[in-house]
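Here is a friendly walk through some helix packing and ring contacts. Keep the structure open beside you as you read.

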Amino acid sequence: DQLIAESDFIVSEDAAHLARRILGQYVCDAQELPIAVMADLISMHKIDPETIIRETGAPMAQVLRRIAMLPEQITGATGLVSVTTSGMLLPRKPMLCINLPRTPTGCAFWPLHRVMAHPERPVRAAMRQDEFRITAMAAAEQESAAGFDTSGTCTAYMLLLPEISAPESNAPLDLKEICSVCGRKDCVAPH
């Protein structure tokens with residue numbers, strides 16, 4: 001709370017609530033996936049979330065968040081974006097070579113949004129923005145179950161990495177900031 005109180009950027013109670021949630025999640029992730037364990041696993045297996053899951057038992061969304069927040073000396077350049085069930089896009093860690101949207105949604109074709117349709121199944125995709133090629137890995141985390149009279153909530157996380165090998169069938173998806181600047185002719189997303 002002291003860190004939040006001393007921040008010049010957190011000026012509302014809503015922002016303070018969000019900051020507490022993100023910082024609390026960071027602390028929990030760091031305790032459950034210590035930096036030394038992650039560094040060893042990455043040095044042995046490169047950035048391979050599935051191997052990290054097998055070795056640690058941690059859920060996919062937590063592994064993606066933790067990889068993104070490790071020092072660049074361990075992982076290289078990474079970025080992280082999250083989206084809530086309500087559709088609010090929260091850039092968590094910018095990746096210097098790409099522009100993330102300043103609007104609350106981003107592209108409906110991003111793995112981040114696709115994973116929300118099937119939260120139990122992670123999604124990986126090759127993406128590009130201008131000359132930069134990126135591998136995006138997304139996973140969702142259920143926060144509350146749906147009932148007959150209530151909607152469940154979940155948050156999806158998308159880890160961004162410089163391009164790593166991906167299946168040949170994956171043509172890279174153009175990463176655009178907003179629909180109005182996207183040249184995609186066959187887009188079926190409402191915009």
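## Where H4 meets H5

In helix H4, Pro 49, Glu 50, Ile 52 and Ile 53 make contact with Met 60, Val 63, Leu 64 and Ile 67 of helix H5. Sorted by class, this contact between H4 and H5 has seven nonpolar residues, one charged residue and no polar ones. Please bear in mind that the model you are looking at is predicted.

How do the two helices lie relative to each other? The axes of H4 and H5, the latter spanning residues 60–69, come within 10 Å and cross at roughly 115 degrees. H4 is therefore roughly perpendicular to H5, and the crossing of the two is right-handed.

## Where H3 meets H4

H4 (residues 49–56) also packs with helix H3 (residues 35–45): their axes come within 10 Å, with a crossing angle of roughly 130 degrees. Angles from 65 to 115 degrees count as roughly perpendicular and those over 145 as roughly antiparallel, so H3 and H4 are oblique to each other. Their crossing is right-handed.

Which residues bring H3 and H4 together? On the H3 side you will find Val 37, Met 38, Leu 41, Ile 42 and His 45, and on the H4 side Thr 51, Ile 52, Glu 55 and Thr 56. Five residues of this contact between H3 and H4 are nonpolar, three are polar and one is charged.

## Where H2 meets H5

Now turn to helix H2, residues 13–32, which packs against H5 at an angle of about 95 degrees, the axes lying 10 Å apart. This makes H2 roughly perpendicular to H5. The contact is made by Gln 25, Tyr 26, Cys 28, Asp 29, Ala 30 and Glu 32 from H2, together with Gln 62, Arg 65, Arg 66 and Met 69 from H5. By class, the contact of H2 with H5 has four nonpolar, two polar and four charged residues.

## Rings and a charge

Arg 65, one of the H5 residues that meet H2, has its charged end over the ring of Tyr 157, at 4.7 Å from the ring centre. As for aromatic pairs, with ring centres required to lie within 6.5 Å, the count is zero.

Notes: Residues numbered from 1 in each chain as written. Predicted model: local features only at pLDDT ≥ 70, side-chain atom pairs only at ≥ 80, totals over all residues. Heavy atoms only, no water. Phe/Tyr/Trp six-rings, centres within 6.5 Å; stacked < 30°, edge-to-face > 60°. Lys NZ or Arg CZ within 6 Å of the ring centre and 35° of its normal. Axes fitted to C-alpha atoms, helices over the stretch in contact; angles between N-to-C directions. Helix = DSSP H or I, 4+ residues; strand = E, 2+ residues; numbered from the N terminus. Parallel < 35°, antiparallel > 145°, perpendicular 65-115°, else oblique. Left-handed = near helix turned anticlockwise from the far one by under 90°. Contact = heavy atoms within 4.5 Å. Nonpolar A, V, L, I, M, F, W, Y, C, P; charged D, E, K, R; others polar.
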